[in-house]
Amino acid sequence: MNTNLRKRLSVATLPLALLLSAFAFVQPANAQTNKLIVESGDNAQTRQDAAMDKEQWNDTRNLRQKVNKRTEKEWDKADTAFDARDNCQKSANINAYWEPNTLRCLDRKTGRDVAP
């Protein structure tokens, strides 16, 4: 009976002994944070991101150029109308008057354009 008891105890204590020995070899998980890794930043993902950014910049550049051209065109139109109004008001022609709705210098009698 003594051998049976030993066998039972050894079989029962074997998993317990393995579990305790596993804890003996486990070390606390500490990460070393004193190392600095610097990458060049040149990898496939950054190159793809840069290519996509450049493509988007080029697409929006065309739109920005259109907006800038329209703004410049409107500015030129207003500038030309301002000069034309001044010339119309300074004109020696007494029948010439400035029409603000059409931005033209007109003759009072005929309603036609007048070259001031």
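## Serine 91 and its contact

In this predicted model, the side chain of serine 91 comes to 3.1 Å from the backbone nitrogen of asparagine 93. Serine 91 lies in the loop that runs between α2 (44-89) and β1 (96-99).

The relative accessibility of serine 91 is 18%. Because buried means under 20% relative accessible area, serine 91 counts as buried.

## The salt bridge

How many salt bridges does a search of the whole structure find? The search finds 1. This salt bridge joins the side chains of arginine 104 and aspartate 113, with a distance of 3.5 Å from N to O. Side chains of opposite charge can pair when their charged atoms come close.

The two partners fall into separate accessibility classes. Arginine 104 has 36% relative accessibility and is partly exposed. Aspartate 113 has a relative accessible area of 51%; since exposed means over 50%, aspartate 113 is classed as exposed.

## The chain as a whole

The protein chain contains 2 helices and 2 strands. Along the sequence, these elements follow the pattern α-α-β-β.

Of the 116 residues in the protein chain, 9% count as buried. The accessible surface of the chain amounts to about 11000 Å², and carbon and sulfur atoms account for 56% of that surface. As for contacts between residues at least 6 apart in sequence, 8% join residues at least 24 apart.

Note on methods: Residues numbered from 1 in each chain as written. Predicted model: local features only at pLDDT ≥ 70, side-chain atom pairs only at ≥ 80, totals over all residues. Heavy atoms only, no water. Salt bridge = Lys/Arg side-chain N within 4 Å of Asp/Glu carboxyl O. Buried < 20%, exposed > 50% of the residue type's maximum accessible area, 1.4 Å probe, protein only. Helix = DSSP H or I, 4+ residues; strand = E, 2+ residues; numbered from the N terminus. Polar contact = N/O pair within 3.5 Å; in protein donor to acceptor, adjacent residues only side chain to side chain. Contact = heavy atoms within 4.5 Å. Areas by Shrake-Rupley, 256 points an atom, 1.4 Å probe, with all protein chains shown as cover.
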